[in-house]
Amino acid sequence: MCSAGSGERNIRQGPEAKKGLRCEICTGCGLCPGIISKSSGAGGLHVLAENVLQGGSVPIAGSRRLAVADIGTTTVAMLLYDRKGEVADRYVALNPQAAYGADVISRIREAEDPEAAGAMHGQIRQVLEQGLERFRRLLEDGETLYLVLAANTTMTYLLMGWDAAELGRAPFRASRLSGAETEIGGAPCFIFPGLSAFVGGDIVAGIMACGMCEREELTLLIDLGTNGEMVLGSSKRRIACATAAGPAFEGGVNRGVWGSDMISLLARLRQEGILDETGLLAEPYFEKGIRIGNVTVTQEAVRSVQLAKGAIAAGIEILLDRFGVGSEAVERVVLAGGFGYFLRPEAAAAIGLLPEELAEKAVAGGNTALSGALLAGRQILAEGGHTDLVRRLTETALRTEVLNLAEEPEFENRYVKLMNLQALDSARNLQ
């Protein structure tokens, strides 16, 4: 399988070693040509049947056309729906606020300067206005746009021009978590409510998309990007938490190599004996890295994934403990976004990102924030208002407990322990 070279080793390439198969910015829409079917994601995951972006369409009556948006720390994704309820157009852009920091903490600190806060407010509104202007070109005479938007709490604060300082200082409380209304580019807009300073409206929309408030089965929703948010629960009870994943899952260290691909690469390196359980690359690859296909895996990239992986795995363990169940009790694991769509569950289990019992139950959810926004928008347009929706979302928030992992006594110990890359008991599945 492998042949040693001078400072470079060629490993048999699989899909994880290829580039150019995806959009430059992946939103998990599942529309990449040639590599995704309607029944499974590129990682071989079953696509969540309830995900309205992957399933059937529902006609949207009236003269208002529905647009939905997901403001992420890295990416802004927007979709337009036609009268048949099908996607008519899409608009995706990098979040220009990245100039003020790659993560929410950096932007919160920058926003302490009123000039920087005003700039970030204007930047995100401009991106949304550009998307809406594009969508208007497809409208028929007499049609108008209605926008439903989901975002993490920091992005919502910056969009609305609220003082984000409280989000960045202990005890990290958010005073503005209710659903909001505004106008963007001349279109009325409903913004999803959040749960806490670091669990925002995008996760509330994900809860809605997964049907967690209606189902009795225990579901774990995992949304990994620059921030990592997780929710465990059912219609009876839910617990959520957030942890900083950094750039590891969005190609921030090995630029252009997505986290799901990097996890597959690390699992393969473990299998080959080139990467040990502590995350050290063997000589002669420690200093310059190892070339796999057209990707170079460096020691820095390995450490970045380990840091993110340790935080996520520790968060999952604490959620299970607080809920009082083992991983075997979870009936469904929904992996949201582009990360989930392309993740190979057996690779995630091989490096300890997911317990093997959870990896076996994983399904791809696509962009659950956009899915939830679509469900909310349909309800608003059908009922002529959002009174009932706000009531439902308020009830969702009241029945969802939010953990601050930094205050959990076991988090640090678990985090350090789970940074290690566990032995490949499931290596046989990676052939």
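**Exercise 1.** Which residue takes a positive phi in the hairpin of strand 5 and strand 6, and how many residues lie between the strands?

*Solution.* Begin with the two strands of this predicted model: strand 5 covers residues 75-81 and strand 6 covers residues 87-94, and the two run antiparallel, joined by 7 bridges. As one point of orientation along this pairing, take Ala77, whose bridge partner in strand 6 is Val92. Then turn to the hairpin itself, where 5 residues lie between the strands and Gly85 takes a positive phi near 80°.

**Exercise 2.** Determine whether Thr156 is buried or exposed, and name its contacts beyond its sequence neighbours.

*Solution.* First place the residue: Thr156 belongs to helix 3, which spans residues 153-160. Next compare its relative accessibility of 9% with the cut-off, under 20%, and Thr156 therefore counts as buried. Finally, when neighbours within four places in sequence are set aside, Thr156 is in contact with Ala151, Trp162 and Ile191.

**Exercise 3.** Classify the aromatic pair formed by Tyr157 and Trp162, and decide whether each residue is buried or exposed.

*Solution.* A search of the whole structure gives 4 aromatic pairs. In the pair of Tyr157 and Trp162, the rings lie 5.3 Å apart, centre to centre, with 90° between the planes, and the arrangement is edge-to-face. Tyr157 has a relative accessibility of 1% and so counts as buried, while Trp162, with a relative accessible area of 18%, is also buried.

**Exercise 4.** Over which ring does the charged end of Arg237 sit?

*Solution.* Locate the charged end of Arg237 and then the ring of Phe323: the former sits over the latter, 4.5 Å from the ring centre.

How values were computed: Residues are numbered from 1 along each chain as its sequence is written. This is a predicted model: local features need pLDDT of at least 70, side-chain atom pairs count only at pLDDT 80 or more; totals for chains, interfaces and linings use all residues. Side-chain values use heavy atoms; hydrogens and water are left out. Rings of Phe, Tyr and Trp (its six-membered ring) pair if their centres lie within 6.5 Å; planes under 30 degrees apart count as stacked, over 60 as edge-to-face and the rest as tilted. Buried means under 20% relative accessible area, exposed over 50%, partly exposed in between (1.4 Å probe, protein chains only). A charge sits over a ring if NZ of Lys or CZ of Arg is within 6 Å of the ring centre and within 35 degrees of the ring normal. Two strands pair if DSSP finds at least two bridges between them. Helices (H or I, at least four residues) and strands (E, at least two) are DSSP runs, numbered from the N terminus. Contact means heavy atoms within 4.5 Å.
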